[in-house]
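Trainee: I would like to learn how to read a pocket and a helix pair. Can we take a case together?

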Amino acid sequence: MDVSNFENDPANDLVPEEARNILQPSSLLSPQLQELKMFLIDWINRTLKRDHIVVQSLEEDIYDGLVLHHMLVHLGDVKLEVGEIAFSTSAQRHKLKVVLDTVNQLLQVTDQSSLKWSVELINNKDLLATLHLLVAIMKHFRPDLDLPKNVYVEKVTYQIDSKLVKSQKHLEYITEQSDENTKADAIDNLFTLGPDKMNTVKQALLHFTNNRVQRLGITVNEFDSQFANGVILILLIGQLEGYFIRLSEYHLSPSSHKEMLHNVTLALEILKESRVSIESVTPEDIVNMDSKATFRVLYALFTMYKDK
């Protein structure tokens, strides 16, 4: 089945008994997914540095088989009976088939029907299939690398039954599931990738924030400083929870460290009452513009309210 996004009604063109899986748009903005993408891109670029190959987008740079070809050469000393460059669409698909057949042999795949990737999916730039493929290759050749855990996408299955469209949500995990509390670890891992790698995740969190507070005439551009006085954080929580926090409860224009600290303390107390789990964050961290603390708070809010 195709996994894609639909701008309009996802049930359009469905025929009776057909099932169609649609990726939830919010899944594509998940900080966890963005972290995994950056992790894989960084790994590929380090592996292919000697070939002067630079991957910027998994969807746009993997589909023709060239990068995968070079990865197999360097990781497994594999020689493929296919040309390095494929110019036509048919040549690309042939090359990709040779590459994927080799990957499946190396992974000792015995049940082709269980595969989460195919020539068609990869060549059509299917992100989910590409991620499954790259994660499998990394786990085979570099099991020592610690992939981000609990990365998943949310899909909705639509199906027509007796002229009624039924839908069912379910999660598809891309990396290993873990029962441990990995939310804080995800942020720690993100910061080890360096500031340049964090930008994509930061933009996803800012998009989530602005989507809620722009109706109040507010736009957030500065990730750390604009949250430091607690005002936008309080207004964001009010928008997410659907209630108005009385102006008498906080300082709308805080002019001192004490007033900023009061605002942030109130925000974190409200989150605690709302059962939003935030580990190891203090009001002083936010007021002092601690990037990691701000990430933790916004990440927790995103996780809790991304589908609301």
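Trainee: How many residues line the second largest pocket, and which lie nearest its centre?

Mentor: Start with the general idea. Rolling a probe the size of a water molecule over the atoms shows where empty space is left. Now the case, in a predicted model. The second largest pocket has 11 lining residues. Nearest its centre are Pro25, Ser26, Leu29, Arg212 and Lys306. The space in this pocket is about 230 Å³.

Trainee: Which helix gives the most to the lining of the second largest pocket?

Mentor: H9, with 4 residues. Helix H1 (25-28) and helix H9 (195-213) each supply at least two. By class, the lining has 4 nonpolar, 4 polar and 3 charged residues.

Trainee: Now the helix pair. At what angle do the axes of H10 and H13 cross?

Mentor: Again, the general idea comes before the case. Two packed helices are described by the angle between their axes and the distance between the axes. Helix H10 (residues 231-241) and helix H13 (residues 291-305) cross at roughly 10 degrees, and their axes come within 11 Å. Angles under 35 degrees count as roughly parallel, so H10 and H13 are roughly parallel to each other.

Trainee: Which residues make the contact?

Mentor: H10 brings Leu233, Leu236, Leu240 and Glu241. H13 brings Val297, Leu298, Leu301 and Tyr305. The classes are 7 nonpolar, no polar and 1 charged.

Technical notes:
Residues numbered from 1 in each chain as written. Predicted model: local features only at pLDDT ≥ 70, side-chain atom pairs only at ≥ 80, totals over all residues. Heavy atoms only, no water. Axes fitted to C-alpha atoms, helices over the stretch in contact; angles between N-to-C directions. Parallel < 35°, antiparallel > 145°, perpendicular 65-115°, else oblique. Contact = heavy atoms within 4.5 Å. Nonpolar A, V, L, I, M, F, W, Y, C, P; charged D, E, K, R; others polar. 1 Å grid on protein atoms, 1.4 Å probe; cavity = no way out; pocket = protein on both sides within 12 Å on 5 of 7 lines; lining within 4 Å. Points joined across faces, edges and corners; volume = space filled by probe spheres on them.
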